[in-house]
Amino acid sequence: MSTPSLAALPIRRLTPRDLTACADLSEDRGWPREEHKWGFLLTAGKGYGIDDPNGGLVSACVVTEYGPQERPDLGAIGMVLVAERHARQGIGRHLMRHVVSAMGSTPLTLHSTPYGRPLYEELGFKATGRAEMLRGHFTPGGTVPEVATRAATAEDLTAILRLDEEIFGADRTHIITRLPAFADQLRVAEENGRLTGYAAAWPNMETHVVGPLIARDTETAKALIASLAAHTDRPLRTDIDVRHEELLAWAKERGLVSVAFNSVMTYGIPELPGDWTRRFAPLTVAAG
């Protein structure tokens, strides 16, 4: 099939039934299959894809919307992939233009690798921030933050949702309420009976990803990471806003190593809503 025909193939909505095809596409590009994450995103968000006439998917991505269903406050784009055999033929641009158009006036955000950034800039996205990916086995030690943390319970959910919306800047109830089933751990920090932060650790291949990480201050964020690490033997992975220099330095002292940097990009808004000083890490870079 010729390149022009490929770039003109119809784009359709993906469903959880496309999970295996999405995982195959990840594997095709040298990514982990990440079936657990794909399943979460296809259920909580909107998947878009292009079918390969020869089987499987040519391209795929997922958009996770936040705020009112009829008029979202924000849409996060992630998992943008094009099959290796069809790379550099304009298919990713075709898919992204469709998604941006489908989202209408909804402000958008995404985390971009250096490789993908030129395409997103061409489409009108602006780099408004940066995140550093860390990975490694957490080593306890040093000064222990004097912040009380514990496993979250069902009774904490209302307070978690209230705190999350205040700090994230949009309602993401449909995402946060899925965390107890998606994550292996969900922990909260509290002071005098009031929640001051929360964090989850969810399984991704051989690691546990720490995210979201929402906290009143850096000491609370440290305490939450340390408490999650104390309950797993897996390496941790997380993506921390580079403005949180103290937390990044502390995490590296505790054994986590810098793996990569991603640009945080926005479309239709000058910066992300909410309070970045208390938003330390996203649930996943694919969903903000």
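Val 210, Ile 225, Leu 236, Thr 238, Ala 251 and Leu 256 line the largest cavity of the structure, which is a predicted model. The volume of this largest cavity is about 40 Å³. A search of the whole structure returned 1 cavity of 30 Å³ or more.

The largest pocket has a volume of about 1100 Å³, and its lining is made up of 43 residues. Among these lining residues, Trp 31, Val 80, Leu 81, Thr 113 and Tyr 115 lie nearest the centre of the pocket. Two or more lining residues are contributed by each of strand 4, helix 4, strand 5, helix 5 (117-122), strand 6 (126-136) and strand 12. Strand 4 provides the largest share of this lining, with 6 residues.

Three of the elements that contribute to the pocket lining, strand 4, helix 4 and strand 5, also form a unit of their own. Strand 4, helix 4 (residues 91-102) and strand 5 make up a β-α-β unit, and this unit is right-handed. Strand 4 (residues 74-82) and strand 5 run parallel and are joined by 3 bridges. Within this pairing, Ala 76 has Thr 109 of strand 5 as its bridge partner.

Strand 5 also pairs with strand 12 (residues 257-267), to which it is joined by 5 bridges in an antiparallel arrangement. In this second pairing, Ser 112 of strand 5 is placed opposite Ser 263 of strand 12. Strand 5 (residues 108-112) is mostly covered, with 5 of its 5 residues buried. The side chains of the strand are divided between two directions: Leu 108, Leu 110 and Ser 112 point one way, whereas Thr 109 and His 111 point the other way. Residues of both sets are buried.

Glu 65 is classed as buried because its relative accessibility is 17%, and the cut-off for a buried residue is under 20%. The side chain of Glu 65 is joined to that of Lys 46 by a polar contact of 3.3 Å. Beyond residues up to four places away in sequence, Glu 65 touches Lys 46, Pro 72, Leu 74, Gly 75, Met 103 and His 174. Of these contacts, Leu 74 and Gly 75 fall within strand 4 (residues 74-82).

A further set of pairings involves strand 8. Strand 8 (residues 185-191) is mostly covered, and 5 of its 7 residues are buried. Strand 8 runs antiparallel to strand 7 (residues 148-151), with 4 bridges between them. Arg 150 has Val 188 of strand 8 as its bridge partner. Strand 8 is likewise antiparallel to strand 9 (residues 194-204), and 7 bridges join these two strands. Here Glu 190 stands opposite Leu 195 of strand 9. Strand 8 and strand 9 form a hairpin that has 2 residues between the strands. In this hairpin, Asn 192 adopts a positive phi near 55°.

Note on methods. Residues numbered from 1 in each chain as written. Predicted model: local features only at pLDDT ≥ 70, side-chain atom pairs only at ≥ 80, totals over all residues. Heavy atoms only, no water. Buried < 20%, exposed > 50% of the residue type's maximum accessible area, 1.4 Å probe, protein only. Pairing = 2+ DSSP bridges. Right-handed = clockwise from strand over helix to strand, strands pointing away. Polar contact = N/O pair within 3.5 Å; in protein donor to acceptor, adjacent residues only side chain to side chain. Contact = heavy atoms within 4.5 Å. 1 Å grid on protein atoms, 1.4 Å probe; cavity = no way out; pocket = protein on both sides within 12 Å on 5 of 7 lines; lining within 4 Å. Points joined across faces, edges and corners; volume = space filled by probe spheres on them.
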